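I opened this notebook to record what I looked up in the structure. The entries follow the order of my reading.

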Amino acid sequence: MRILIAEDDPFSLSMLAAVLKRHGHEVVETVDGAAALAAMQAPGAPALAILDWMMPEMDGPEVVRRIRALPTDRPPYLIMLTCRIAKSDIIAGLEAGANEYLAKPFDAGELTARVDVGRQMVEMQAAKAEINGLRQRLSMSEQDERRRIAASLHDCTVQDLVAIQLNLNRAFKMLGDTQPAVREILGDCAALAESNAGELRSLAYDLHAPWLQHGGLLSGIQEYARQFSIRTGISVSFDAPPAIPRLLEMNEIALYRVMQESLMNVHRHSGANRAWISISISNNRLHMEIRDGGGEAPDSFEPPPGSASGVGILSMHERMKAIGGSLQICRTPEGASSLAILPLAENK
Ligand SMILES: Nc1ncnc2c1ncn2[C@@H]1O[C@H](COP(=O)(O)OP(=O)(O)OP(=O)(O)O)[C@@H](O)[C@H]1O
Ligand SMILES: [Mg+2]
């Protein structure tokens, strides 16, 4: 592994470098804080750094603080190695963002064991970042797929059904007052074609989420809730600030899908005739809650045993996790509540 050493004492630096090289590590040597910070920002920067406290240009805790302020999904493992071993120093070093604090003079065995712990942490962070990247790609390709299916349903299947309906109506008229049995069959078929075209049109809208794409999250949710109310008879109140910052597309999609699935659950499981959606931003986090007034909600939100369904809540959790957020589902005095929380700093 590539390891950075920041140490202004040449003797300590060469001892440290020798121990690490003996254990197969590649060492980047720096002798002041500013050079250490620059090396940790360079492309292909070391994933682990061992930093002295007192150094020219910038002290160790300041270097640690600045490294921690850099945006990354693979934070490096930082070890402070110093002769300042008062409890207050150790606390200050760890609070600055160091993962580990070691006293000088170091013991080679302990140091390499701590470096090994650091290597494992770095590998875990890398695996987590990779899984998150895959989740995000999956979510985007799922959205692309949904849009393709929606476009095909809307542009081909629905148009064909409308054409069939028009043809059936023409045939119906051509029969005039004759053949009442045939006219009845044609009338039934035309009505079926019409209702299927309507169903498919709303399915295409749900899959495509055009309001989300054009107007952003708030207008997307508001419009979906309006249509949901019309379709189900459940009145939905929507409470949100007049505007919120535009989020990354994948984040808006995830929140939108969580809202869709939550409302679908209200419709299918709660028996409620009222639901509330509220969106707010506080402490740099976006909160989206979907509540219903369905009365007594179950203790556990598990699908009935043996049921073939039950992926809705699981997939909501997955969606929120994939964008760095979380989801809590619980019962309330009035019914059930799904609360999605998304930290905004890195997601805007
Ligand atoms: N708003 C709600 N009110 C009451 N019960 C709910 C509510 N939402 C979910 N549940 C319960 O939680 C269970 C799990 O929900 P989940 O969305 O995971 O699966 P599902 O809706 O049964 O099936 P699927 O979403 O896969 O079509 C439901 O079967 C239901 O028993
Ligand atoms: Mg469900």
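The entries below concern a predicted model and go from its domains to its cores and then to one strand.

**Entry 1, domains.** I looked up the division of the protein chain and found domain 1 (2–106) and domain 2 (210–348). Their centres, taken over C-alpha atoms, are 44 Å apart.

I noted that the largest nonpolar core has 33 residues. Those with the most contacts inside this core are Leu255, Tyr256, Val258, Met259, Ala275 and Ile277. Among the elements that give two or more residues to the core are helix 8 (217–232), helix 9 (249–270), strand 7 (274–282) and strand 8 (285–292). Helix 9 supplies the largest share, eight residues. I then checked Met259: leaving aside residues up to four places away in sequence, Met259 touches Ile221, Tyr224, Ile277, Met288 and Ile290. I also recorded a second, separate core of 27 residues, which includes Ile3, Leu48, Val63 and Leu78.

Is strand 4 (residues 77–82) buried or exposed? I found six of its six residues buried, so strand 4 is largely enclosed by the rest of the structure. Tyr77, Ile79 and Leu81 cover one side, and Leu78, Met80 and Thr82 the other.

**Entry 4, strand partners.** I traced four bridges between strand 4 and strand 3 (residues 48–51), which run parallel; Leu51 has Met80 as its bridge partner. Strand 4 also pairs with strand 5 (residues 100–103) in the parallel sense, over four bridges, and here Met80 is partnered by Tyr101.

I recorded a right-handed β-α-β unit made by strand 3, helix 3 (residues 60–69) and strand 4. Strand 4, helix 4 (residues 87–96) and strand 5 likewise make a right-handed β-α-β unit.

Methods
Residues are numbered from 1 along each chain as its sequence is written. Chains are lettered from A and ligands numbered from 1 in the order in which they are written. This is a predicted model: local features need pLDDT of at least 70, side-chain atom pairs count only at pLDDT 80 or more; totals for chains, interfaces and linings use all residues. Domain bounds come from an automatic or database domain assignment. A nonpolar core is a set of buried Ala, Val, Leu, Ile, Met, Phe, Trp, Tyr and Cys residues joined through C-beta atoms within 7 Å. A residue is buried if 20 or more other C-beta atoms lie within 10 Å of its own, exposed if 12 or fewer, and partly exposed in between; C-beta atoms are placed from the backbone. Two residues are in contact if their C-beta atoms, placed from the backbone, lie within 7 Å. Two strands pair if DSSP finds at least two bridges between them. A crossover is right-handed if, with the strands pointing away from the viewer, the path from the first strand over the helix to the second runs clockwise.
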